[in-house]
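Me: I want to go through some labels for this model. For each one, tell me what it rests on.

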Amino acid sequence: MTTRTATDVFEEHRPLLVYVAYRMLGRVADAEDVVQDAWLRWSRADRAEVREPRAYLVRITTRLAIDRLRQVQTRGEAYVGPWLPEPYLTEFGDAAPDAAEHAVLADSVSLALLVVLESLSPLERAVFVLREAFGYPYAEIAALLDRGEPAVRQLAGRARRHVDERRPRYDVDPAQRRELTERFLAAAAGGDLDGLMSLLAPDVRLVGDSGGKAKAPLRILHTADKVGRFLVAVAQQSAAALSYRFLEANGGPALLVVSAGEPESLVQVDVVDGRVTTVYIVRNPDKLRHLADG
């Protein structure tokens, strides 16, 4: 296998490897680092001994992601305020999958799911991602992780129960979600309290992630009154030079707020029964930098 052919093979599988790494880590930069490390190992490997490049590359990427996840397990204790995943653009353009495939991909990278996955052990998370997001058989996951199949099934069952207990449940038509999201974001940007209150569920939550590097609530806000008044206050204090752009992030519509040409925040919501149940605001500049040219 020539060097060029090795590069071609790796590039063919790169999107899958990035998807695996991001779902494991919830961080775009870390996922890209892991995939780069996987490339270095692939480039040095005796590829004549590799019968299935895809399985080999997924195994390397998964193990590297597990190692990286173990290294940052203490992050939650040191992180200032609530933690949210780094936004991941899921706009597919001309390569968009069909509606059913898009729904599966969107759910597997939703902010709500990734927040829950943060509470799993690295091995539980790896098994869950490979099984639930990519449909790997238990036997193949066992081979990838060098674990027995019964142990993998136990990990999968424990992870699934944990996720089912904690992940918010919502089933909404994508077009309806986008329409309601746009109405919510327009009301929020315009400081329209009445408009917001008509869209917020009574027990709505607002989760703001700043990492201590920007202004955001250091605790999760609860109830429509508190969330609505907070958003109106933010709108009233915002600079007139702000601009807004809709995009798709983590499988759903989101609003990117730009100030002086730089991403200032990203806002996304969960919708249940026609009401906004969770508002996510990512303001940590380290998590928005990659959206500058998005």
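Me: Why is R177 called buried?
Reply: Buried means under 20% relative accessible area, exposed means over 50%, and partly exposed lies in between (1.4 Å probe, protein chains only). R177 has a relative accessible area of 10%, so R177 is buried. Bear in mind that this is a predicted model: local features need pLDDT of at least 70, side-chain atom pairs count only at pLDDT 80 or more, and totals for chains, interfaces and linings use all residues. Residues are numbered from 1 along each chain as its sequence is written, and side-chain values use heavy atoms, with hydrogens and water left out.

Me: What makes R177 and D270 a salt bridge?
Reply: The rule asks for a side-chain nitrogen of Lys or Arg within 4 Å of a carboxyl oxygen of Asp or Glu. Here the closest N and O atoms are 3.9 Å apart. That meets the cut-off. The pair joins distant parts of the chain: R177 sits in helix 10 (residues 174-189) and D270 in strand 5 (residues 262-272), 93 residues apart. Helices (H or I, at least four residues) and strands (E, at least two) are DSSP runs, numbered from the N terminus.

Me: Is D270 buried or exposed?
Reply: Buried, because its relative accessibility is 3%.

Me: How do you know that R63 and D146 form a salt bridge?
Reply: Their closest N and O atoms are 2.5 Å apart. R63 lies in helix 3 and D146 in the loop between helix 8 (138-145) and helix 9 (149-166), so the pair ties together parts 83 residues apart in sequence.

Me: Why is R63 called partly exposed, and D146 exposed?
Reply: R63 has 31% relative accessibility, so R63 counts as partly exposed. D146 has 56%, so D146 counts as exposed.

Me: What makes R68 and D33 a salt bridge?
Reply: The closest N and O atoms of R68 and D33 are 3.9 Å apart. R68 is in helix 3 (residues 53-71) and D33 in helix 2 (residues 28-44), 35 residues apart. R68 is buried at 17%. D33 counts as partly exposed at 38%.

Me: How many salt bridges does the rule give?
Reply: The count comes to 21.

Me: Why is N284 called buried, and what is N284 in contact with?
Reply: N284 has a relative accessible area of 4%, so N284 is buried. N284 lies in the loop between strand 6 (275-282) and helix 13 (285-288). Contact means heavy atoms within 4.5 Å. Leaving aside neighbours within four places in sequence, N284 is in contact with Y79, D209, S210, G211 and K213.
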